[in-house]
Amino acid sequence: MSTEELVQVSKDKGVVRIRLNRPEKKNAFTQDMYTACNEALKAADADNSIHAVLFESSGDSFSAGNDLNDFLAIENLDESAPPFKFLHTLARVEVPVVAAVNGLAIGIGTTLLLHCDIVYSSDEAVFALPFVQLGLLPEAASSLLLPQICGYQKAAELLLLGESFDAQAAQQAGFVNHIVSLERLPVVVDETLDKLRKQSSKSLRISKRLLKQPAESVADRISREATFFAKALSSDEARQAIAEKLQKK
């Protein structure tokens, strides 16, 4: 398959869909797939008409992780390598990112979700962070994000033991928003994408930027929000939305 076939990118009504399409290999990531995802994500973030990006997959798995043979073939495994370029982009983008997870979500299949804003999982999904089992180390800032999301002890259990866990455990850990049946997964995800389409793209992005800001005092955050709030209130978009809301009353 060509790279375009391995990662299918489409745009429809303000949503970019990035579909992992290597089902015969459980959508294991190759370097070319990382590059394609990185380019698609950067393009979506640069397009102010885009309200959301969806990561989805073909076949019976979200992603079985890295294609280890392909990964071992990387000549210079530094931050210029495709996986790290993608991860830096994923961590920086302001466009909301949604994920639809089914089947296996191993390694990067799980750590990618820590950077997503809304995650839906089928009730059949299986997650794992087997880095230590492979003699490797946590990736994608999971050693930072996982303790922030689920607490130190739970993060240590997931990362140090590397055992698989189900969708209910992922939801309890805090990085899966909702669990639905496999049949309902695309329907529920599309409903959420429709809701995001109706929101102000600018407000969505600034809200995400605020959510991703490093820790600061309450007073500093109030001041930061006030600056953005005042600018938003004076926009034509906000004035029209408020006027329509008042008319409905």
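Q: Let's start with Ala140: buried or exposed?
A: Ala140 counts as buried, with a relative accessibility of 11%. Keep in mind that this is a predicted model.

Q: Where does Ala140 lie?
A: You'll find Ala140 in the loop between β7 (126-128) and α6 (142-150).

Q: And what is phi of Ala140 near?
A: Phi of Ala140 is near 60°, which is a positive value in a residue other than glycine.

Q: I also flagged Lys26. What is the phi there?
A: Lys26 has a positive phi too, about 55°, although Lys26 is not a glycine. Lys26 is found in the loop between β2 (15-20) and α2.

Q: Is that Lys26 side buried, exposed or something in between, and which value says so?
A: Lys26 is partly exposed, because its relative accessible area is 31%, and the partly exposed class sits between under 20% for buried and over 50% for exposed.

Q: Nice. Switching to helices: at what angle do α6 and α7 cross?
A: The axes of α6 and α7 cross at roughly 135° and come within 7 Å of each other. The two helices are therefore oblique to each other, and the crossing of α6 and α7 is right-handed.

Q: Which residues meet there?
A: From α6, Ser142, Ser143, Leu146, Pro147 and Cys150 meet Tyr152, Lys154, Ala155, Leu158 and Leu159 of α7. Sorted by class, the contact of α6 with α7 has seven nonpolar, two polar and one charged residues.

Q: What about Ala156, where does that one lie?
A: Ala156 lies in helix α7 (residues 152-161). Ala156 is buried, at a relative accessible area of 18%. C-alpha to C-alpha, Ala156 is 17 Å from Ile108 in space, and the two are 48 residues apart in sequence.

Q: Okay, other helix pair. How do α2 and α4 pack?
A: Helix α2 (residues 31-46) and helix α4 (residues 82-92) pack at an angle of about 25°, with their axes 8 Å apart. That makes α2 roughly parallel to α4, since angles under 35 degrees count as roughly parallel. The crossing of α2 and α4 is left-handed.

Q: Who makes the contact?
A: On α2 it is Gln31, Tyr34, Thr35, Cys37, Asn38, Leu41 and Lys42, and on α4 it is Pro82, Pro83, Lys85, Phe86, Thr89 and Leu90. By class, the contact of α2 with α4 has seven nonpolar, four polar and two charged residues.

Q: Last one, Phe62. Where does Phe62 lie?
A: Phe62 lies in the loop between β3 (52-57) and α3 (68-72). Phe62 is buried, with a relative accessible area of 0%.

Q: How far is the C-alpha of Phe62 from that of Gly109?
A: The C-alpha atoms of Phe62 and Gly109 are separated by 6.6 Å, while the two residues are 47 residues apart along the chain.

Notes: Residues numbered from 1 in each chain as written. Predicted model: local features only at pLDDT ≥ 70, side-chain atom pairs only at ≥ 80, totals over all residues. Heavy atoms only, no water. Axes fitted to C-alpha atoms, helices over the stretch in contact; angles between N-to-C directions. Helix = DSSP H or I, 4+ residues; strand = E, 2+ residues; numbered from the N terminus. Parallel < 35°, antiparallel > 145°, perpendicular 65-115°, else oblique. Left-handed = near helix turned anticlockwise from the far one by under 90°. Contact = heavy atoms within 4.5 Å. Nonpolar A, V, L, I, M, F, W, Y, C, P; charged D, E, K, R; others polar. Buried < 20%, exposed > 50% of the residue type's maximum accessible area, 1.4 Å probe, protein only.
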